[in-house]
Amino acid sequence: EMWIGDWSSDVCSSDLLVAGEEFIVNDGVTTFLITYSGVMCVLTNEAFPNLFLYTPLLDVTTGIEDITADDNAEKEYFNLQGMRVANPQAGNVYIVRQGKKTSKVLYR
């Protein structure tokens, strides 16, 4: 079970989250499918029923925003075997990495 609540005041209110709609767990990693603000995770274990571990308040967002690439970064060339090429030659195919962007190109 997973619960979401409002711990911003003296009175805590919470709701049970719906697995598969609001969150998923895969290989022990929890992924929220909707955005929450002020989430506190409470970890429990059936073997220790009186033990509760709390995380600090978290802001959980879905999706990735504002990714920028460095278009001014120097281009690096690699052959198809992954070896760096200092002087690429016209007519050959190379893997080109510029900042965080990588592509396969025919060098002209």
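Is Tyr107 buried, partly exposed or exposed? In this predicted model, Tyr107 is partly exposed, because its relative accessible area is 26%, which falls between the cut-offs of 20% and 50%.

**View 1. The ring pair of Tyr77 and Tyr94.** The count of aromatic pairs comes to 3. In the pair shown here, the ring centres of Tyr77 and Tyr94 are 6.2 Å apart, and the planes stand at 80°, so the arrangement is edge-to-face. The cut-off for that label is over 60 degrees. Tyr77 lies in strand E9 (residues 75-78) and Tyr94 in strand E11 (residues 93-98), so this pair links distant parts of the chain, 17 residues apart.

**View 2. Burial of Tyr77 and Tyr94.** Tyr77 has a relative accessible area of 16% and is therefore buried. Tyr94 also counts as buried, because its relative accessibility is 6%. The cut-off for buried is under 20%.

**View 3. The ring pair of Tyr94 and Tyr107.** Tyr94 forms an aromatic pair with Tyr107 that is edge-to-face, with 6.1 Å from centre to centre and 90° between the planes. This pair, too, links distant parts of the chain: Tyr94 belongs to strand E11, and Tyr107 sits in the segment after strand E12 (101-106), 13 residues apart.

**View 4. The cluster of Tyr77, Tyr94 and Tyr107.** Ring pairs join these three residues, Tyr77, Tyr94 and Tyr107, into a cluster.

Definitions and conventions. Residues numbered from 1 in each chain as written. Predicted model: local features only at pLDDT ≥ 70, side-chain atom pairs only at ≥ 80, totals over all residues. Heavy atoms only, no water. Phe/Tyr/Trp six-rings, centres within 6.5 Å; stacked < 30°, edge-to-face > 60°. Helix = DSSP H or I, 4+ residues; strand = E, 2+ residues; numbered from the N terminus. Buried < 20%, exposed > 50% of the residue type's maximum accessible area, 1.4 Å probe, protein only.
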